[in-house]
There are 2 protein chains.
Amino acid sequence: MEVITDNSRSQMRKGVLEYCILSVLDRKESYASSLIEELKAANMIVVEGTIYPLLIRLKNQGVLSYRWEESTQGPPRKYYCITDKGRMMLLQMDKEWNEMIKTIETLRK
Amino acid sequence: MEVITDNSRSQMRKGVLEYCILSVLDRKESYASSLIEELKAANMIVVEGTIYPLLIRLKNQGVLSYRWEESTQGPPRKYYCITDKGRMMLLQMDKEWNEMIKTIETLRK
DNA sequence: TTTTACTACTTTGCGATACAAGGTATTAAA
DNA sequence: TTTAATACCTTGTATCGCAAAGTAGTAAAA
């Protein structure tokens, strides 16, 4: 996993947003505006200016792919779905996240 | 807690380092080089170029204070300790952290 | 038919963080 | 007096999250 091994720890520090997005997309594909709503429902606020560049970044890394789909109302949507590489990354992130929780528990006893 | 209310959520996303540092200093005062070692022992790698500006920032926010102390071997040390304001911030961070864990659990079910 | 409203995707510029790398200064031992 | 060890500090760079503004497709109202 050269995508994540080197800097996954520092990435995790900077934000769990990637982790959240991959988690949602691991269950079902979605498009940006919908993703924003799903994350908001889970109490993780994210705005357009954050999520669009992030989705593009993840797509360029090969952890996401997308396809256009017509909408019955409004412009076409870019549906993102997780790739095999993305699923592997997600498993790695699970590990990192659980380690982070343990680290905090250790420090905050 | 005007220090954190506005952007604590986004801060938490960016890094749990502040949380870790306050957690350590909540148990006992410490100086930068020692803090780095304590954090490393808990699996949270941090380097000088990160921690010095961060400690100064926290001190300027009034959540930490420091005093100089002579060392038996080497130059004097800047011992940081948490303030009342810092302890309140730490309690708020506990809350944010626990909410973050719940959020992730929700998304990653 | 033109305007308005809504939805959706994109880009730009800013502030803040983490870090690599290099610098300053004190103490003690070789 | 040079070297090693310890400790604090600063500079420059990359990247993230976000506010704000822009582009564009669709449909309903005027």
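Trainee: How many residues of chain A are in contact with chain B?
Mentor: Contact means heavy atoms within 4.5 Å. Here 30 residues of chain A touch 30 residues of chain B. Keep in mind that this is a predicted model, where local features need pLDDT of at least 70, side-chain atom pairs count only at pLDDT 80 or more, and totals for chains, interfaces and linings use all residues. Residues are numbered from 1 along each chain as its sequence is written, chains are lettered from A in the order in which they are written, and side-chain values use heavy atoms, with hydrogens and water left out.

Trainee: What rotation superposes chain A on chain B?
Mentor: In general, two copies of a chain are related by a rotation about an axis and a shift along it. In this case the rotation is 180° with 0.1 Å of shift along its axis, and the RMSD is 0.1 Å (least squares on the C-alpha atoms of residues with pLDDT of at least 70 in both copies). The two copies are therefore related as by a two-fold rotation axis. Both use the same surface, as 100% of the contact residues of chain A recur in chain B.

Trainee: And how many salt bridges are there across the interface?
Mentor: A salt bridge is a side-chain nitrogen of Lys or Arg within 4 Å of a carboxyl oxygen of Asp or Glu. The rule finds four across the interface of chain A and chain B. In one of them, Arg108(B) pairs with Asp26(A), with the closest N and O atoms 3.4 Å apart.
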